[in-house]
Each structure stands twice: as structure tokens, then as C-alpha cells.
Amino acid sequence: MAIRNLTNWSDPLFRKASKPVTKFDDRLAILLEDMRDTLERVKGYGCAAVHVGILRRVVVVLDEGGVIELINPTISEASTKMERVLEGSIAPGAPRGYVERPNKVTVSALDRHGESITVMGEGFLAATFCHEIDHLDGIIFTDKVHPGEAGE
């Protein structure tokens, strides 16, 4: 498909909540493909639609098992065990920092056809799900970085 331009880290768009997807059509399929292509190009792990300038509740995650597409995702379960994870962003100009995230999460979402799906993640994958779903709510990881634990 296409490589899309990434939203700069300082853009106020990252502070806005994304709207739910209601149409499961060709435009959504193109967005998902473009997000995947963009993510692969920058060698990232996760991409919320806001990264490409679109305020829709769409997330693409690259995992060892392939591409995970999440439409209107919510975290339905999270472990109480937490893990400190070094996070960054594919957004140009983004810093890095350590964030406490649940070690395991279960995500409820829809697939590209509007069918319900449930995915589970552990460790870095769980952190990636949390990070990208936060973006959909206008929350950026630096809001959660522990003082004195900034990364590179």
C-alpha cells in the first residue's frame, strides 16, 4: 500500500481522544495496510492511527506471530504484576523513558471486518498494547514515566 507521514511528537493531536470506528470498509482496510507498511518501514512495534494523523480507534502491532490489528480496543483484563519497560515512539522527536505496565493484559477489540476478537499479551507485547491504547485516549507514555528514570 503506502507509507504515511508520521505525526511529530510535539503535535497537539496526540492529546486528543480518538473516535470509535463505525464503518468497516475499504477505507479502513487501506488505513490498516498503510499503518502496517509505515510501521515496518520505521522498524517499530506499534502504531495507533494518531501516529499517521487520524483520530480513529485503530491500532496495528507487529509481533513475532505477525500483524495484530485492533479496532476499538479496550483492555478487558490486566495483571496486578507490573513490569518496568523502556518505551519510546515512532513519532519523530519522541523521547524514551521507563514506564510501569501490567505484565499481562487481555484486549477486547474488533477485527477489520467488525468481528469481535480477544488477544492476550505478556511482557513487552502487553506494554505495547497498553501504550497504543493509551494513545487512543490522548495519553502519551511520558505522562507515566517515573521521575528520574528517563531513558535516552
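The mean position of the 18 positive charges and that of the 23 negative charges of the chain lie 5 Å apart. The model is predicted. Its chain of 152 residues has a radius of gyration of 14 Å, which agrees with the value near 15 Å that a compact globule would have. Two helices and seven strands make up the secondary structure.

**Fold and dimensions**

- From the N terminus, the order of elements is α-β-β-β-β-β-β-β-α.
- Helix α1 covers residues 26-41, and helix α2 covers residues 124-136.
- Among the strands, β1 spans residues 46-48, β3 spans residues 66-78, and β6 spans residues 104-110.
- The C-alpha trace extends over about 45 × 30 × 30 Å along the principal axes of the chain.

**Burial, contacts and surface**

- Of the 152 residues in the chain, 44% are buried.
- Among contacts with a separation of 6 or more, 67% are between residues 24 or more positions apart.

**Aromatic cluster**

- The structure has three aromatic pairs.
- One of these pairs joins Trp-9 and Phe-14, with ring centres 5.8 Å apart and planes at 40 degrees, a tilted arrangement.
- Trp-9 and Phe-14 are both buried.
- Trp-9 also forms a tilted pair with Phe-141, at 5.4 Å centre to centre and with 50 degrees between the planes.
- This pair of Trp-9 and Phe-141 links distant parts of the chain, the two residues being 132 residues apart.
- Trp-9 sits in the segment before α1, whereas Phe-141 sits in the segment after α2.
- Phe-141, like Trp-9, is buried.
- Through ring pairs, Trp-9, Phe-14 and Phe-141 are linked into a cluster.

- Val-105 belongs to strand β6.
- The relative accessible area of Val-105 is 2%, so this residue counts as buried, the cut-off being under 20%.
- Leaving out residues up to four places away in sequence, Val-105 touches Ile-75, Glu-77, Ala-78, Val-119, Met-120, Gly-121, Ala-126, Phe-129 and Cys-130.
- Among these contacts, Ile-75, Glu-77 and Ala-78 fall within the residue range of strand β3.
- Ala-126, Phe-129 and Cys-130, also touched by Val-105, fall within the residue range of helix α2.
- Glu-122 is 17 residues from Val-105 in sequence, and their C-alpha atoms are 6.6 Å apart in space.

**Backbone with positive phi**

- Lys-43 is not a glycine, yet its phi is positive, at about 60 degrees.
- The position of Lys-43 is in the loop between α1 and β1.
- Lys-43 counts as exposed because its relative accessibility is 70%, the cut-off being over 50%.
- Asn-72 is another residue other than glycine with a positive phi, near 50 degrees.

How values were computed: Residues numbered from 1 in each chain as written. Predicted model: local features only at pLDDT ≥ 70, side-chain atom pairs only at ≥ 80, totals over all residues. Heavy atoms only, no water. Helix = DSSP H or I, 4+ residues; strand = E, 2+ residues; numbered from the N terminus. Rg over C-alpha atoms; globule rule 2.2 N^0.38 Å. Buried < 20%, exposed > 50% of the residue type's maximum accessible area, 1.4 Å probe, protein only. Contact = heavy atoms within 4.5 Å. Lys, Arg positive; Asp, Glu negative; His and termini not counted. Charge placed at Lys NZ, Arg CZ, Asp CG, Glu CD. Phe/Tyr/Trp six-rings, centres within 6.5 Å; stacked < 30°, edge-to-face > 60°.
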